Amino acid sequence: MSALTEKVVSAYLQIFQSEPSYTILSPGRINIIGEHVDYNDGFVLPAAINKYVCFAIAESGSSSCTLVALDLDKTYAFDLTDEISPVADMWVNYILGVVAPIKKELKGFNLVFSSTIPMGSGLSSSAAVECGAAFALNTLFDLGLSKEQLAKLGQQAEHTFVGVKCGIMDQFASVFGKANQVIKLDCNTLTYDYFPADLGDYCLVLLDSKVKHTHLTSGYNTRREEVEAGLNIIKQAFPEVNTYRDCTMEHVESVKDRLGAIRYKRCSYVVKEIKRVGEAVQALASNNFEALGKLINATHEGLSADYEVSCDELDFLVAQAQNIPDVLGARMMGGGFGGCTINLLKKSAISKLEDEIQLAYKKRFGIDLEVYQVAISEGTHLYNRN
Ligand code: GLA
């Protein structure tokens, strides 16, 4: 047993005086490229990582349910006969949002969980909680939900109980992740392929800016509204366009005035990023890591200047990394406004990257940066059954 699973199982035993029926692991994710295009019918290239939320679950024997968040030292109890609606404590909403739509099919349960995914770091700890809870309930009550249904249940919880109109990438990656495989997900059809994550002499390293994002207050939903409005303007002028996937920069340029400065920037970013993901897939397939690095750099430029979801700390980390010769590409990752950068670099340059940037970052912002070397891992899965 890992330290995480051991901690959760022994806490369950201590709190409920009985063994849990199931122990489940649900991972966070990285994304190689394809940012803010999952809700724009684009493609994304995420992968699950070896940082997890662990859940222990069993029936309670009544209609009452108890949730225990070990890391927060908090407990929340509710009854399935009560109406389930969002509460003030956000961690509870991730789980209640999953419970509410399937409430009729459930009996009372006790759930204890803890996480090694840093919160608010852009590694999708919230998707891991949602999908892990959905998986746990699916297993305990034999609901027969498919992996796709679990991912959608998680996304729905985020929309309705958390208030973030996220795309499907995080939940999909958490549920469908495979060891050493990157997922190429078509966010329009939800069809997907796996790619071997074999980077040869190169590797991916994450730098955690320690600036915590919260999408609710950081304009994630505003970006969605801006690009939706932008797409409607493009569609009016070009009826052959259905989604951003059909859009070219010529379309965007020709309605530039009608879009206005902000929407023009947002739409340009989306159209260019969808194109970049296609090119990145080719670069990966042909082991052209230099080309992949350039695309990653271009994504950061777009996210920072046009989509405006970066921040000073992330821009600094990216600029510093891009100055190191063996770093092929660096960009902010995930929703933005804080969290991690993802860096593609020669394995031999890892300690140089760590040492130089850690020092420079501390000097500039007074923040101790954290470095994560993650392994690409299995998606949400049953760890143990009693
Ligand atoms: C967050 C959302 C995802 C996706 C990314 C940006 O992580 O949850 O759906 O939009 O931001 O790519």
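Where does Pro118 lie? Pro118 sits in the loop between strand S6 (109-115) and helix H3 (125-140).

## The model

This is a predicted model, in which local features need pLDDT of at least 70, side-chain atom pairs count only at pLDDT 80 or more, and totals for chains, interfaces and linings use all residues. Residues are numbered from 1 along each chain as its sequence is written, and side-chain values use heavy atoms, with hydrogens and water left out.

Helices (H or I, at least four residues) and strands (E, at least two) are DSSP runs, numbered from the N terminus.

## Around Pro118

Pro118 is buried, with a relative accessible area of 19%. Buried means under 20% relative accessible area (1.4 Å probe, protein chains only). Pro118 touches Lys51, Leu123, Ser125, Asp208 and Tyr372, not counting residues up to four places away in sequence. Contact means heavy atoms within 4.5 Å.

## Two domains

The protein chain splits into domain 1 (3-197 + 377-382) and domain 2 (202-373). These bounds come from an automatic or database domain assignment. The domain centres, taken over C-alpha atoms, are 26 Å apart.

Between them, about 3100 Å² is buried, and carbon and sulfur atoms give 65% of that area. Ile33, Glu35 and His36 supply 21% of the area that domain 1 buries against domain 2, more than any other three residues. Buried area is the accessible area (1.4 Å probe) that two parts lose on being put together, summed over both.

## A bent helix

Helix H8 covers residues 256-285. H8 bends by about 90 degrees at Ile262. The bend is the angle between axes fitted to the seven residues ending there and the seven starting there.

Notes: The expected span of a helix is 1.5 Å times one less than its number of residues. Buried means under 20% relative accessible area, exposed over 50%, partly exposed in between (1.4 Å probe, protein chains only).
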